Amino acid sequence: MIKKILKSNFLILLIVLIVVMGVMSSLSEYFLTADYLLNATRFISETSIIGLGMTLVILTGGIDLSVGSMMALSSVCLGLACQAGIPAAAAVMLSLLVGVLGGGLNGYVVCKLKIPALIVTLATMGLFRGIALGISKGSAIPVPESVYYLGQGNIGPLPVQLVVTTLAYILVAVFIYKSNFGTYLKGIGYNEEVAVFSGIKVTWNKVKAYMLSGFFAALLGVMFTCRVSSAKADYGNNYEMDAITIAVFGGASLAGGKANFAGSYIAAVIIVFIRLGLTTAAIQTEIQSVIIGLILILAVAFNNFVASKKQVEL
Amino acid sequence: MYKNRKAIKALLAFYAIILIVMICRAPSFFTFENATDILLNTSTTAIAAMGMLCVLLVGDIDVSVGAVLAACCTTTGILAKAGLPMIVVILGSLAVGLLLGVVNGLVVTMLKLDAIVATLGLLSIYRGLLIIITKGSWINGLPAGILKIGQGKWFGIPIPVYISIVIVALMWFILNRTEWGRNFYAVGSNKDSARLSGINVKLTRIIAFAVCGIMVGLAAVIYTTRFGGIQSNTGKGWEMTLISSAVVGGASTVGGEGDVAGVFLGALLVSALGTVLVFFGIDALWEQAVQGLIIFISVASYAIDFKKVKAKLTKGGRKA
């Protein structure tokens, strides 16, 4: 596993991260303080967990545009369930279940009807957001204080989100690198037909990947709702773009078969640091979007360049 | 080709259902004003969706269209406020669209990036630069002369409707009767065989992106003059509208499939749904859900039909 991480573009990402941190700390004196960084981990965790699901789906050669809408739907479900008097724990479970089911729907349609994932999840993106808008009637729903902990609490000195997200990343990475599940997903991503003939249960494994993506989006919905203490249907707009950026910047290939979970995590950290750092330094938010766009294109172009060099050597 | 006829048939069936329900439930739907209103709403979507169709045909995708629309709208606004003649304003907007389209095409083909990643990155670059340049200010108070393009009428029908009809006809001609069109289909169906048969694949893909840019530039002129003012966040999420229009109309995101008639019907459905749902008495809050559901059903229905026929064919034995 460690070898795999080192072989990838992980080192480049680390260098970018160090450069970004250096630049940010020179722009703002507050940046490299423990308080600031600990607080930043809340945002980092939220951004990175949605990238985790996307990385899984991209590994299978698919894409999931519905994550932002799923986040909103799970948020609204949590709010409505709490309002209806369902105990907090059950309400959280319910909204996570919604995520799993929504992801399952995506995966099932992609596999069974053989429609490109881009189209299916584009449709469910509108569908999930529309349902969220419809059932919440477009208004913000306050959530009870009993769930605040999930978004605002600490485990020891660390924010809850940081612990949850890091655990999720470690669990997924272990499963991907150490169990058959990872091999299956990679095989499906490289060549689905070959995977079918090798006896891999393609449909079930792909559906699992989409379910996980839905689950992580729902988890983000829950944590985000608890942090800002109200549920709303317009959360997570354009988050799918963030998630794709993270996965691809982290080293995943949209053609499938290639993904790097450690890379995705670092990519999320870099992106959040650029956003937060520039905001703290009172630099126009628009420059952030230019920088992030440039980084995405350059990083992917560089990855492709390295990959093509490697092929020549072989 | 074959799948597309399915898409058009399915869309026509959709329209038939909508019309029948309308006749029964809301006869007030059938007014001349309502019809022109729907066509007016469709015009910008349909024009730009034609551009998106070209990009999808060569097997790429352009998610930066929303930002390109904002850039072209801003250009239109600035040029019009400077008091330049109408033709210069239009050409200016088209030129900006063309420029950004070519940049998209160059980045995708020269850096060998996935189109979705490249245009995603360019989307945020364009949007950022645009706001830095315009300082995020709104543009309004355009001279009355230029507003005629978006708000004027000939024989009771809004001018944008005529423009969109001309563009659809032109695109039909380009895609079906010219070398460019055939190259688009060839490249999208199989890049290798297209290259081996002497088509310049990279150039074809760049042209597709350029056409998309020009179409968005034209849509921007109509958009700006119709509403008489623009905000810097114009066109946010618009890429999804265009992609859904094209896909509902039977275009494939894998390339090589789709045609003008289907995409026009798709654009009409996507833009008319809002109005239709109001007449159905569906709460505006549920509009997006129904819209998503209809896109979902229509796309799924094409796939199901396709499969059934395929199964039938294999059962009956293949004919040589």
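Helices (H or I, at least four residues) and strands (E, at least two) are DSSP runs, numbered from the N terminus. The model is predicted, so local features need pLDDT of at least 70 and side-chain atom pairs count only at pLDDT 80 or more, while totals for chains, interfaces and linings use all residues. Residues are numbered from 1 along each chain as its sequence is written, with chains lettered from A and ligands numbered from 1 in written order.

An unreviewed UniProt entry places "transmembrane region" features on chain A, among them residues 209-226 and 262-283; such annotations may be inferred rather than shown by experiment, and their positions follow the numbering used here, with feature names shortened. Here is how those two stretches look in the model:

| Stretch of chain A | Helix | Strand | Distance between end C-alpha atoms |
|---|---|---|---|
| Residues 209-226 | 100% helix | 0% strand | 26 Å |
| Residues 262-283 | 86% helix | 0% strand | 29 Å |

In chain B, helix H4 (residues 86-110) packs against helix H10 (residues 201-227) at about 150°, their axes 7 Å apart. Axes are lines fitted to C-alpha atoms over the stretch in contact, and angles run from 0 to 180 degrees between N-to-C directions. H4(B) is therefore roughly antiparallel to H10(B) (an angle over 145 degrees). Their contact involves 17 nonpolar, 8 polar and 2 charged residues. Ala, Val, Leu, Ile, Met, Phe, Trp, Tyr, Cys and Pro count as nonpolar, Asp, Glu, Lys and Arg as charged, and the others, Gly among them, as polar.

Between the chains, 37 residues of chain A are in contact with 38 residues of chain B (C-beta atoms, placed from the backbone, within 7 Å). On the chain A side, helices H6 (117-136), H12 (239-249) and H14 (285-313) each give two or more residues. That side divides into 23 nonpolar, 10 polar and 4 charged residues.

Notes
Angles under 35 degrees count as roughly parallel, over 145 as roughly antiparallel, 65 to 115 as roughly perpendicular and the rest as oblique. Two residues are in contact if their C-beta atoms, placed from the backbone, lie within 7 Å.
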